[in-house]
Amino acid sequence: PRVLLVSMGTASLEPFVALGVLSSAGDFETRRATSGKSALQRGRVREAASLAGVGHGVAMRFILAQHPPPPAHVQLEASVHKDMVFLNITERFYLCACKIVAWLRYAMREFATAKWLAVADSDAFVQLAHLSEDLHSVSALIESGNESGATRHVLYGLIMWKAYYNHVSEEPAKEFSGWLPQDRRAVGMRRRLELCRDLLFNRTDAPVQPEWLLPGKGTDQQYDEWAAGVLAGERRCKGLERSTRRALRRMHPDPPFPFTSGPLFAVSLPLGVLLATSGLVDAWRRRIEATQPVLQYYRNGGAVPGALRGAACYPNGDATFGRWVTEAATHAATPPKATTVTLVNTPFMVQHHPWLSYRHGAFSNASIVLHELKNPSSPGWKFAAARGAGQFVPLARKCATCEAMGWSTVRVSPHARWRCCGRAR
């Protein structure tokens with residue numbers, strides 16, 4: 001895509017990693033970020049990046065949307081720091097995952113030497129030197145070929161799972177399936193929800209199901225009351241949230257799928273190319289723009305529906321991106337055969353810290369990222385910088401098929417044949 005401002009910054013001109021930090025120029029539509037707070041967060045991220053010194057081989061850029069046009073103070077900031085890229089995409093609450101792919105396309109063109117394309121949140125402390133060293137070790141696993149079995153299409157980060165994908169709303173499951181790389185919790189949830197779904201399918205008195213998942217009236221309320229009454233008789237289905245009840249009959253038949261938690265993840269260059277060129281992202285955008293929540297957004301003059309304002313993005317950008325990885329590998333590969341992806345886990349509270357902890361799971365020289373530093377004045381910024389200032393403590397990983405590693409327990413799942421690399425016990 002065309003870029004309004006190309007800023008090379010001060011990092012290596014031949015980087016090993018191209019890291020895009022998600023940011024925004026104006027007040028975000030869901031009210032989760034303001035222009036002023038975003039600028040303060042960028043300042044914190046720059047300060048954290050400067051502590052990594054030079055020679056780490058990471059080119060870091062803040063990635064913002066070109067539309068609507070950034071205000072004057074943001075353009076001034078970009079001209080001063082020369083580390084901000086404005087991509088030819090519109091800042092919309094439902095396009096978070098599309099913004100990631102726009103960054104991949106840009107980074108592949110502008111950083112020709114980069115072997116890894118990474119994405120981070122602006123409320124995350126990323127130890128750049130540690131990130132680079134760990135990705136070098138992953139590259140060594142890939143280069144070892146038959147010894148590790150790792151493939152060149154790699155998804156790197158805190159591996160998690162979603163129980164299902166709603167093929168009507170284009171929304172990954174909202175339910176949380178744990179912080180571990182094994183799919184067991186997601187599979188258990190899927191089986192439970194399929195039982196509940198079958199209870200509804202086997203009834204002949206079902207009213208018309210509403211087309212969308214937002215609260216409504218009329219047929220929406222009628223269906224919700226009917227579904228809640230039917231499911232109340234089954235202990236495992238009683239108490240399901242309304243959005244889950246509505247999604248039961250719309251679960252895509254594919255099994256649970258993996259994704260990476262969003263504060264920091266990366267894809268290898270071959271996987272980035274596959275995602276950027278497959279065409280599935282553009283097709284997904286056309287489908288999401290035909291869903292009721294997005295249609296209502298445009299009917300209301302660009303006002304985000306009230307029920308969606310509590311989320312940073314709709315649908316969840318991390319899980320949507322993970323779904324695209326599965327689709328690209330299994331359905332949209334070129335040549336037309338399945339691509340084997342390698343999942344590389346950055347362990348929970350060892351390398352990847354979703355929140356600040358001063359004791360158990362505290363940031364250390366084995367750590368790479370600390371999330372949830374939404375307050376630019378949070379003591380977590382200085383804590384992580386001090387605790388992670390030493391020489392990186394590498395993680396020993398072993399690789400096997402995801403089935404052999406116990407990460408994918410559904411034998412018919414394409415993920416069972418993928419490769420998984422995790423902490424060696």
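The model is predicted, with local features needing pLDDT of at least 70 and side-chain atom pairs counting only at pLDDT 80 or more, while totals for chains, interfaces and linings use all residues. Residues are numbered from 1 along each chain as its sequence is written, and side-chain values use heavy atoms, with hydrogens and water left out.

Strands here are DSSP runs of E with at least two residues, numbered from the N terminus, and two of them pair if DSSP finds at least two bridges between them.

| Partner of β1 | Sense | Bridges |
|---|---|---|
| β2 (residues 58-67) | parallel | six bridges |
| β4 (residues 116-121) | parallel | six bridges |

β1 is mostly covered, with six of its six residues buried, where buried means under 20% relative accessible area with a 1.4 Å probe and protein chains only. Both faces of the strand are covered, with Val17, Leu19 and Val21 buried on one side and Ala18, Gly20 and Leu22 buried on the other.

A further group of three strands forms an open sheet with mixed pairing, in the order β5-β12-β11. Its edge strands are β5 (125-126) and β11 (352-353), each of which pairs on one side only. β5 runs antiparallel to β12 (residues 369-370), and two bridges join them; valine 126 has valine 369 in β12 as its bridge partner.

Definitions and conventions
Buried < 20%, exposed > 50% of the residue type's maximum accessible area, 1.4 Å probe, protein only. Helix = DSSP H or I, 4+ residues; strand = E, 2+ residues; numbered from the N terminus.
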